[in-house]
Amino acid sequence: LTQKKTKRKIIIPCSSELRTILEKYNYNLPHIWPQHMNRYIKTIGRMAGITQPVEVTRSTGGVLKQTSVPKYKLICTHTARRTGATLMYLDGMDIYDIMRITGHSSPQMLEKYIKASELETEFAELNGWEAESDAATLLNGLGIDTSIHYSMMSELNGNDKVKVLLA
């Protein structure tokens, strides 16, 4: 891939799902205008129920005006970019690999972009560091074998699916 802003060539690791999509289009994805993509993203957000009201402050003619809009109206491609960078960071991906993908020039700039310190504080407050072991304890208590804790829902049998959904 060649980054649009910096014109640098980068290599991005891709999942099997992404590889399937790329192969479907012979690695030549159809062009979608950014305005259309953002409209599609907003439609998906609305359909997904991301409709909580959000207070937004805008300046019009030098006058600040506060309005309430459904959250899906604020979602755009940049939201996806920031979310992707944030999820890679939270998943423990090497910060320099994330920087190569996002084009940030320093770890400090990337951490500022994804608001890393705020994320880590909130993650700790929500007991996120213990979440995986808490989930394992819960699943074990429901009789779900440890060997399938990381399985996709589609891979589970009916009884295990019900247990996981009720957990």
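1. Helices, at least four residues long, and strands, at least two, are DSSP runs numbered from the N terminus. The model discussed here is a predicted one.

2. The protein chain as a whole contains eight helices and two strands, and when it is read along the sequence these elements follow the pattern α-α-β-β-α-α-α-α-α-α. Its radius of gyration is 20 Å, well over the 15 Å that the globule rule gives for 167 residues, so the protein chain is more spread out than a compact globule. Along the principal axes, the C-alpha trace spans about 60 × 45 × 35 Å.

3. Buried residues make up 19% of its 167 residues, and the accessible surface comes to about 13,100 Å², of which 58% belongs to carbon and sulfur atoms. Of the contacts with a separation of 6 or more, 34% are between residues 24 or more positions apart. There are 21 positive and 17 negative side chains, and the centres of these two sets lie 18 Å apart.

4. In soluble globular proteins, nonpolar side chains tend to be buried together. In this model the largest nonpolar core has nine residues, namely Ala85, Tyr89, Ile95, Ile98, Met99, Leu110, Tyr113, Ile114 and Ala116. Helices α3 (77-90), α4 (95-102) and α5 (107-113) each supply at least two residues of this core, and the largest share, three residues, comes from α4.

5. Which residues does isoleucine 98 touch, once its neighbours within four places in sequence are left aside? Isoleucine 98, itself one of the core residues, is in contact with Ala85, Met88, Tyr89, Met93 and Leu110.

6. Threonine 102 also has its place in helix α4. Its relative accessibility is 10%, and because buried means under 20%, this residue counts as buried. Leaving aside its neighbours within four places in sequence, threonine 102 is in contact with Gln3, Arg81, Ala85 and Leu110, so a reader tracing Ala85 and Leu110 will find that both are also listed in the largest nonpolar core.

Key:
Residues are numbered from 1 along each chain as its sequence is written. This is a predicted model: local features need pLDDT of at least 70, side-chain atom pairs count only at pLDDT 80 or more; totals for chains, interfaces and linings use all residues. Side-chain values use heavy atoms; hydrogens and water are left out. A nonpolar core is a set of buried Ala, Val, Leu, Ile, Met, Phe, Trp, Tyr and Cys residues joined through side-chain atoms within 4.5 Å. Buried means under 20% relative accessible area, exposed over 50%, partly exposed in between (1.4 Å probe, protein chains only). Contact means heavy atoms within 4.5 Å. The radius of gyration is taken over C-alpha atoms; the globule rule is 2.2 Å times the number of residues to the power 0.38. Accessible areas come from the Shrake-Rupley method with a 1.4 Å probe; for residues, only the protein chains shown count as cover. Lys and Arg count as positive and Asp and Glu as negative; His and the chain ends are not counted. The place of a charge is taken as NZ of Lys, CZ of Arg, CG of Asp or CD of Glu.
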